[in-house]
2 protein chains.
Amino acid sequence: MTKILNNHVLAADVGGTNTRMAIVTGNGDILTLLKKPTHCKNGRDEMIRFLVSFAREVIEKSNLPEEKICGMGIGFPGPLNAETGTIFNPPNLNGWDNVPLKDILEKELKMPVAIENDANAAALGEWWKGAGSGTGSLFCITLGTGVGGGMVLGGKVWHGASSIAGEIGHTTIIRDGIECTCGNTGCLEIYACSGGILKRVNDALLEEGDNGKFQPLTNLKEIDQMLIQGNEVVLKIIKETGVILGIAIANLANLLNPEVVVLFGGVTNLGANLIGPLKEEVKRRAFKKATESLRIEFSQLGDNSGILGAAKNILSRL
Amino acid sequence: MTKILNNHVLAADVGGTNTRMAIVTGNGDILTLLKKPTHCKNGRDEMIRFLVSFAREVIEKSNLPEEKICGMGIGFPGPLNAETGTIFNPPNLNGWDNVPLKDILEKELKMPVAIENDANAAALGEWWKGAGSGTGSLFCITLGTGVGGGMVLGGKVWHGASSIAGEIGHTTIIRDGIECTCGNTGCLEIYACSGGILKRVNDALLEEGDNGKFQPLTNLKEIDQMLIQGNEVVLKIIKETGVILGIAIANLANLLNPEVVVLFGGVTNLGANLIGPLKEEVKRRAFKKATESLRIEFSQLGDNSGILGAAKNILSRL
């Protein structure tokens, strides 16, 4: 298991829609990056075959001798156990239930494999080569169709007692707030995920009244368009979303006192109208000693954070 | 600096009112435990002299040869830097401003010294020999005149980027809630500290109306008395306090996923009327995977948690 020679590794960012795979060097350079729709409709066996053949294709296209590729790192939709490499039951994947994916892939590919959940992989990537490079602690918040999180404390991903640490999206911000998909009320996610923002914007626009001509907005770009047009109703909801995110990050600052919070995902494209109120609220609520040592930054690696985190994860285990 | 022989250490739990000092063995046995009022009214020099002479007295009374005492661990009111052993400016102590206490005491006592803030020392003590013994992660919440916290993750105290991690008392639970002493609104502390509970109980009793004969309650024992008498107004406030603590701990469970949360301090004496609603709220709000792996427990070491944590801190550095 110690073909460490030049420390090239395979790295994959596996999603329910697309999978990206690449060769990554020990320095974090990305070579031979390929992207494919994930074959997962017919369950786990199809998806495992897809991952194995995709891996072989990337190795072949890299023109590297096989012995130079020392292992494979994977960012995979959670929940999963990163120590054993077992996938529990990801809500977006059919037929996965306690699958020992690490063991299966190690046998197929004949190299060590390390698996991390996608949010943690993104955090590890940003810590290694992105917005948190050189820091002692980082919390990465993904603002997309859901709100996820992952943290690197003292150079290591913190998983918690049952591998679910990082779920900032399901911390309560508004005690008697909107009901969340998780069953709780007032979670960060239901306010700050793309669907939650769209719903609140559409509700507010509808309430504003438009003589029955109301066409609901369907994506964040349309929201951004209305912000550019100076729509006050939409602006109010986006600012409110920033404040709610700010409360969550202020709580994080006082509780964990991280050096960097990295914001990641489509919702961050709403830009200053979201981030301005967010930062003000953090400053207003958190201890000065916590905010003085805290940077709040956008992702520097974007789509590559998961790949680089997956690579770092296997590299640090070789 | 390596007189490790039998691994006896001096350990101190320093408070603004009292200081407790003892000899602790490498196995966590407490010998020669003494308690004195802290001499600190006249500033730092007096307090340092007090600590040095108290330490010498404990060593003398222990009848141990000096070379068997390998170092000194101290739990001290924060904020402070546990790496350098520098005390910043504790709000309850006069004339302390960036004092290199570790260096000063090492010169005076001629042994290695390690300093940890009191909340972290209590957490480390409970992790080593108390309610969190044998676990991988523990969060300790002190419910007293304030609400503090400390955490042990993977066997180490997590300090954060500027040594203030653990401040769960100043996470926002009620967005537009009561104004807290820290300047924020709706912090856990203002609802769950002893003074905050008393104020809300007294406000509720006063509102209930008592023909001008109202005598405000002055301590938690009187609250407990009224609970025993079945006072519904008081019971409602205590249950509400449990719910608010439950929200904070549910957030902690989803964010950090610790194995044990230890509750500590005078407020825990309110017992089942507080803890019942607390546990229900955690179950209601946190992920099943987080609550299934979480124990919520009272402190097992009580007043000795700080001493044992201070001892463990120096022992693990020898």
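**View 1. Chain A splits into domain 1 (8-125 + 304-315) and domain 2 (134-299).** These bounds come from an automatic or database domain assignment. This is a predicted model: local features need pLDDT of at least 70, side-chain atom pairs count only at pLDDT 80 or more, and totals for chains, interfaces and linings use all residues. Residues are numbered from 1 along each chain as its sequence is written, with chains lettered from A and ligands numbered from 1 in written order. Taken over C-alpha atoms, the centres of the two domains of chain A sit 28 Å apart.

**View 2. Where domain 1 of chain A touches domain 2 of chain A.** Domain 1 puts in 11 residues and domain 2 puts in 15 (contact: C-beta atoms, placed from the backbone, within 7 Å). On the domain 1 side, strand 5 (80-81) and helix 3 (118-129) of chain A each give two or more residues (DSSP runs numbered from the N terminus: helices H or I, at least four residues; strands E, at least two). Helix 3 of chain A has the largest share, with 5 residues.

**View 3. Helix 1 (residues 44-62) of chain A crosses helix 2 (residues 101-109) of chain A at roughly 40°.** Their axes, which are lines fitted to C-alpha atoms over the stretch in contact, with angles from 0 to 180 degrees between N-to-C directions, come within 11 Å. At the meeting point, A:I48, A:L51, A:V52 and A:A55 of helix 1 face A:I104, A:L105, A:E108 and A:L109 of helix 2.

Conventions. Contact = placed C-beta atoms within 7 Å.
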